[in-house]
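Hello,

Here is the structure I promised to pass on to you. Please open it alongside this message, and then read my notes on the salt bridges and disulfides below.

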Amino acid sequence: RERERERESERRGIGGAIMNEKGTQSDEESVKRKIDEALACDCIADLKEGPCGAPFVEAFSCFIRSQQPAFEKTDCSVGFAQLKDCMIKFPDQFQDIADALKPKVGDSQE
């Protein structure tokens, strides 16, 4: 039992962050920094607001984490499913984005 506790301790970094087999505390800190930098971008400020803000932040953060080699097996399906459900429930929050993605009259659709 003592050995199991030691292994669990080793898997957890400072602050209780759980590491995977390849991940280290410095990996966790690096990913956290990347997530914070990405979330600070004005380009997604509107997405962080409103009723779908928390699911967006969760899914976006998970996506960034999953792009890092030490966390490449991260499963983001639950976070993105929650974001999708929220988007369906509150479509008005995303109308500006939908309008921006619609092809303009006269644009070729090749």
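**Salt bridges and disulfides**

Asp99 and Lys102 form a salt bridge, with their closest N and O atoms 3.5 Å apart. By salt bridge I mean a side-chain nitrogen of Lys or Arg within 4 Å of a carboxyl oxygen of Asp or Glu. Asp99 is partly exposed at 36% relative accessibility, and Lys102 is partly exposed too, with a relative accessible area of 47%. For these labels, buried means under 20% relative accessible area, exposed means over 50%, and partly exposed lies in between, using a 1.4 Å probe and protein chains only.

Before the rest, a word on the basis. This is a predicted model, so please keep in mind that local features need pLDDT of at least 70 and side-chain atom pairs count only at pLDDT 80 or more, while totals for chains, interfaces and linings use all residues. Residues are numbered from 1 along each chain as its sequence is written, and side-chain values use heavy atoms, with hydrogens and water left out.

The salt-bridge rule gives a count of 3. Another of them pairs Glu28 with Arg65, at 3.1 Å from N to O. Glu28 sits in helix α2 (residues 25-39) and Arg65 in helix α3 (residues 53-66), so this pair ties together parts that are 37 residues apart in sequence. Helices here are DSSP runs of H or I with at least four residues, strands are runs of E with at least two, and both are numbered from the N terminus. Both Glu28 and Arg65 are buried.

Lys32 also has a partner: its salt bridge is with Asp36, and the closest N and O atoms are 3.0 Å apart. These two residues lie 4 residues apart in helix α2, so about one helical turn separates Lys32 from Asp36. Lys32 is partly exposed at 46% relative accessibility, and Asp36 is partly exposed at 39%.

Now to the cysteines. How many disulfides are there? The count is 3, where a disulfide is a pair of cysteine sulfur atoms within 2.5 Å. With the bonded cysteines of the protein chain numbered in sequence order, the pairing reads 1-2, 3-6, 4-5.

Cys41 is joined to Cys43, with an S to S distance of 2.4 Å. The link of Cys41 and Cys43 is right-handed, with 130° about the S-S bond. Cys41 is partly exposed at 31% relative accessibility, whereas Cys43 is exposed with a relative accessible area of 62%.

The sulfur atoms of Cys52 and Cys86 are 1.9 Å apart in their disulfide. This link of Cys52 and Cys86 is left-handed, at -100° about the S-S bond. It connects distant parts of the chain, with Cys52 in the loop between α2 and α3 and Cys86 in helix α4 (residues 77-89), 34 residues apart. Cys52 is buried with a relative accessible area of 0%, and Cys86 is buried at 9%.

Cys62 and Cys76 are joined as well, S to S 2.1 Å. The link of Cys62 and Cys76 is left-handed, with -90° about the S-S bond. Here, too, distant parts of the chain are linked: Cys62 belongs to helix α3 and Cys76 to the loop between α3 and α4, 14 residues apart. Cys62 and Cys76 are both buried.

Best wishes
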